[in-house]
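Hi everyone, thanks for making time.

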Amino acid sequence: MADHTPLSRRTLLRTGAVAGAGLGLAGLAAGSAAAQAWPAAKGDPMMGVPFEPLDTVRVGIIGLGNRGASMLPLFLALEGVEITALCDANSDAVNRAAKAVVDAGRQEPAKHGGGDHDFEALCARDDVDFVYIATPWEWHTPMAVTAMRGGKHVGVECPAGVTTAELWELVDTSEKTRRHCIQLENCCYGQNELRVLRMAHDGMFGDLLYGAGAYLHDLRELMFSKTYYAKQWRREWHTKLNGDLYPTHGLGPVAAYLDINRGDRLTRITSMSTPALGLAAYRQEHLPADDPAWQERYVKGDATMSLIQTEAGRVIHLVHDVSNGRPYSRLNQLQGTKGVFEDYPERIYLEPTGNPHEWGNWDDYAGHDHWLWKDVGPGPGGHGGMDYLMLYRLAQTMRLGLPPDIDVYDSATWSAPFALSAKSIANGSAAVDFPDFTRGRWDTPHPGTDSAKP
């Protein structure tokens, strides 16, 4: 297998091969990227900036609902990590989480709870190095900005922000405070995703042409639950915005395959949606006539489909649908000049050895697994191990003083279709320019999720 050091051929983006393939990456750099306007930088770029090494990573958690509570045991399973502070608007949730920490044999963390702005006190503490945010989406950016201004690195559940103004605020604040803001996209750490990434960077798919990603998950029962999402906040978004409300699960892995922000960038998006029928149909079948949900009008189309073009001319197909009955899928496809991978179910075809009329056996390529899956494994789990390995790698980079795999520019880029798709749909599926959150530095080599083993 080829060298996997941070400055290997893959991490250096195979720039010569891309240009030689006629994709015009170098020639395009002086075109649309140079013409793109962006706000003035607040500080030096954060690409490749290492964490300061820490013997122990002290973590504060904001948001202890279903997601935050499920991640707590994984944090506790990590060597060199301590939970020092907890926060939630629900004091009972804070107390339950604090008990779980104590029951695990750890010191009781500080508790902040009962109010919407108690997170500010957690972010001001001097015994917290990293803040993990698992709250309703509209709180992600305000909390992340507060954490960075308080001197903390921050990890945010998906999406990092819901408007382009918020995403720019994250970038500006990260650059100004020199604190990292990380989109905690667990799907980037899936076994298949990391294997495809390694194979793509080894050139096994040839020159890359297009990819696809999605979040296709029947959430109807959960969205109408009175307890699963506090105050049913997730369903409320379907009354407010018609767009791709959860883009990072599909986009993050494909962006890694295509070296987005590491040799290529997203330039424009075109989106359209189907009618909004699924939630109303579910309400009709399952809710009594006096339920308050009958006052809601759903505007978010059941399926949102987007095409995103890159500076090199490649294309990403992005899909979102949580309002209809269907098995779970994230699509996860990659096509190159020498072959293709498709997930759900997983299958592969590669030239020159593949039979042109048959799919190959994906298990035959297990030798290309990322070192995280070979040497660490899924641990105590979390979505099949993705959650654990994401946190394991985060803690490892912080303890060893390495750059994070995912930086603020990735975080902003992957989250941007939330707002951009809505804008495109509202304008008759017109193409919408993608902000260049790197401010023209999108071709700068720096580490990503195809990381070297320390």
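Before we start on the sheet, a word about pairing: two strands count as paired if DSSP finds at least two bridges between them. And keep in mind that this is a predicted model.

So, take strand S1, residues 57-62, and strand S4, residues 130-133: they run parallel, and four bridges join them. If you want a spot to look at, find Val-59, which stands opposite Phe-130 in S4. Now zoom out a bit. These two belong to an open sheet of six strands, ordered S3-S2-S1-S4-S5-S6, with parallel pairing. At the edges you have S3 (110-113) and S6, each of which pairs on one side only. From one strand to the next, the twist averages 20 degrees.

What packs on this sheet?

Okay, on to the annotated part. The UniProt record, an unreviewed entry, puts "domain: Glycosyl hydrolase 109 C-terminal" at residues 194-360. In the model that span is 22% helix and 26% strand, and its end C-alpha atoms lie 18 Å apart.

Let's stop at Asp-264, in the loop between helix H11 (248-257) and strand S8 (266-273). Is Asp-264 buried or exposed? It counts as buried, because its relative accessibility is 0%, and the cut-off for buried is under 20%. Its side chain has polar partners, too: the side chain of Thr-310 at 2.7 Å, and that of Arg-314 at 2.8 Å.

Further along there's a hairpin. Strands S12 (residues 339-342) and S13 (residues 347-350) pair antiparallel over four bridges, and Phe-341 has Ile-348 in S13 as its bridge partner. Four residues sit between the strands, and Tyr-344 has a positive phi near 60 degrees.

Last stop: helix H15, residues 408-415. How many of its residues are buried? Eight of eight, including Tyr-409 and Trp-414. The cover over those buried residues includes helix H7 (164-177), S6 (181-183), H11, S8 and helix H16 (417-426).

Note on methods
Residues numbered from 1 in each chain as written. Predicted model: local features only at pLDDT ≥ 70, side-chain atom pairs only at ≥ 80, totals over all residues. Heavy atoms only, no water. UniProt positions renumbered as here; feature names shortened; annotations may be inferred. Buried < 20%, exposed > 50% of the residue type's maximum accessible area, 1.4 Å probe, protein only. Polar contact = N/O pair within 3.5 Å; in protein donor to acceptor, adjacent residues only side chain to side chain. Contact = heavy atoms within 4.5 Å. Axes fitted to C-alpha atoms, helices over the stretch in contact; angles between N-to-C directions.
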